[in-house]
There are 2 protein chains.
Amino acid sequence: MSGEVILYGDMMSQPTRCIVWFCKLNKIPLKFENIQLSKGVQRTKEYKAKMPLGKVPLIEHNGFLLYERYLGATFNVAEPWWSGDLKRRAIIDQYLDWHHGGTRIAAQMIFAKVMAPAQGINVSGDQLKTSIGKLEFALDTLEKVWLKNDEFLTGAKPSVADLSAVCELMQLEMIEYDIFKNRPKLEKWYRSMSKVEHFQEVTAVFQKVSALFREKNRSKLIIEITTIKHWYIIRVISNRTKTEKAS
Amino acid sequence: MSGEVILYGDMMSQPTRCIVWFCKLNKIPLKFENIQLSKGVQRTKEYKAKMPLGKVPLIEHNGFLLYERYLGATFNVAEPWWSGDLKRRAIIDQYLDWHHGGTRIAAQMIFAKVMAPAQGINVSGDQLKTSIGKLEFALDTLEKVWLKNDEFLTGAKPSVADLSAVCELMQLEMIEYDIFKNRPKLEKWYRSMSKVEHFQEVTAVFQKVSALFREKNRSKLIIEITTIKHWYIIRVISNRTKTEKAS
């Protein structure tokens with residue numbers, strides 16, 4: 001594949017991290033252009049001329065503009081991260097298809113607990129309850145469906161599907177949300193994925209911001225979630241403050 | 001491709017319609033197994049053994065169980081509905097990727113206005129307002145981004161992306177939601193797509209149920225939507241009843 005590949009992204013964005021990770025694992029050289037989301041660079045006229053949806057990531061290759069899927073197909077990346085086998089590729093696609101309405105729910109929680117308060121947006125208790133319900137359902141589906149028979153989401157070997165999912169779920173560390181309770185397969189899978197080469201460097205920026213955020217937000221709500229079939233009973237146990245924790 | 005392809009679906013489901021349409025256009029023979037959603041067949045133990053997510057559609061081929069993406073890849077369907085060209089396929093994938101958080105919002109409106117009332121579920125005014133805002137934004141994105149330069153969503157020719165989008169948007173006929181106001185490109189595209197071969201037979205069941213529903217629900221709210229940048233001002237103009245309309 002000739003010609004430079006430019007990735008426009010922000011390492012705080014989970015799909016950006018996923019692509020950078022994927023490229024590092026498959027030795028695809030990237031030129032990284034930082035589109036700092038917190039400064040609204042994605043909404044500038046200049047960037048929107050390239051990416052009218054105003055989102056990251058964006059991939060540019062010999063003037064061809066596109067996002068994520070391009071890489072696997074064009075670079076003919078093979079096992080394990082992508083596949084030349086039609087069935088395995090279809091299974092990877094199947095997970096990526098579900099990902100949007102499933103694992104991506106984690107982003108709603110981050111919006112409600114991190115971004116909305118920072119932007120002065122009010123998220124009602126009902127909205128939060130709905131997001132938690134959806135997230136718990138997605139986490140259960142990961143445990144009981146996607147990881148039911150195999151160690152990874154799309155079979156015995158990890159794939160780009162697993163990279164996408166980990167980049168998404170790791171966001172929840174920021175709000176110290178326990179995703180592993182009663183989910184031993186998910187925990188085992190997550191531990192395996194966080195040992196994959198390049199994980200540390202790809203997630204370094206996020207980890208740093210996440211640690212800072214946790215430090216500043218010890219006054220968060222502690223939430224207990226009980227599951228009864230498909231209903232989630234959510235109970236606020238305490239509104240732990242920094243002082244309380246220190247005492 | 002040898003071996004029978006079984007499609008488990010319900011013609012009231014938009015992704016089911018999309019696959020049936022795609023197969024008819026590409027002369028892929030299907031055995032159709034009706035999984036009647038209104039009777040909850042998708043939640044039976046028997047069906048969930050095949051499809052643990054409890055959803056339709058599901059494709060079975062020589063014991064291999066999967067949903068939608070499989071067909072394009074395995075049957076090597078070529079232009080225009082799928083493509084052997086990597087770039088065009090990547091563009092189709094790009095739309096399908098956006099579809100989940102974009103055009104699929106139409107389903108939220110159908111839930112709020114059709115399914116929730118039928119099931120006695122309360123949808124608050126705030127939730128409805130949020131859904132309308134997201135839908136209007138998605139429709140604007142179709143008009144201004146996806147259809148900006150071409151007559152179809154992924155280029156000068158239609159593809160499986162267009163089939164997916166039409167199957168989704170046509171749901172809104174049920175609640176007589178005007179998707180075309182100030183969107184001439186969307187209207188032109190929709191008219192072209194509804195002239196594509198097999199459209200009538202694929203949508204027949206839905207059209208029938210939709211007409212019955214409209215007949216029974218003339219007492220619906222008439223909503224006016226004004227757009228100011230990214231904000232949608234929603235105003236209930238009248239609560240038109242069947243009697244009022246008849247008079």
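Student: At roughly what angle do the axes of helix 6 and helix 8 of chain A cross?

Tutor: This is a predicted model, where local features need pLDDT of at least 70 and side-chain atom pairs count only at pLDDT 80 or more. Residues are numbered from 1 along each chain, and chains are lettered from A. Helices are DSSP runs (H or I, at least four residues) numbered from the N terminus, and axes are lines fitted to C-alpha atoms over the stretch in contact, with angles from 0 to 180 degrees between N-to-C directions. Helix 6 (residues 125-146) and helix 8 (residues 184-193) of chain A have axes that come within 8 Å and cross at roughly 85 degrees.

Student: Which residues of helix 8 of chain A make the contact with helix 6 of chain A?

Tutor: Contact means heavy atoms within 4.5 Å. Helix 6 of chain A brings Leu139(A), Leu142(A) and Glu143(A). From helix 8 of chain A come Pro184(A), Lys185(A) and Leu186(A).

Student: How many disulfides are there over all chains?

Tutor: A disulfide is a pair of cysteine sulfur atoms within 2.5 Å. The sulfur of Cys18(A) has its closest cysteine sulfur in Cys167(A), 5.0 Å away, so the two are too far apart for a bond. Cys167(B) is in no disulfide either, with the sulfur of Cys18(B) 5.0 Å away. Over all chains, the count is zero.

Student: Is His99(B) buried or exposed?

Tutor: His99(B) lies in helix 4 (residues 86-99) of chain B. Buried means under 20% relative accessible area, exposed over 50%, partly exposed in between (1.4 Å probe, protein chains only). At 8% relative accessibility, His99(B) is buried.

Notes. Heavy atoms only, no water. Helix = DSSP H or I, 4+ residues; strand = E, 2+ residues; numbered from the N terminus.
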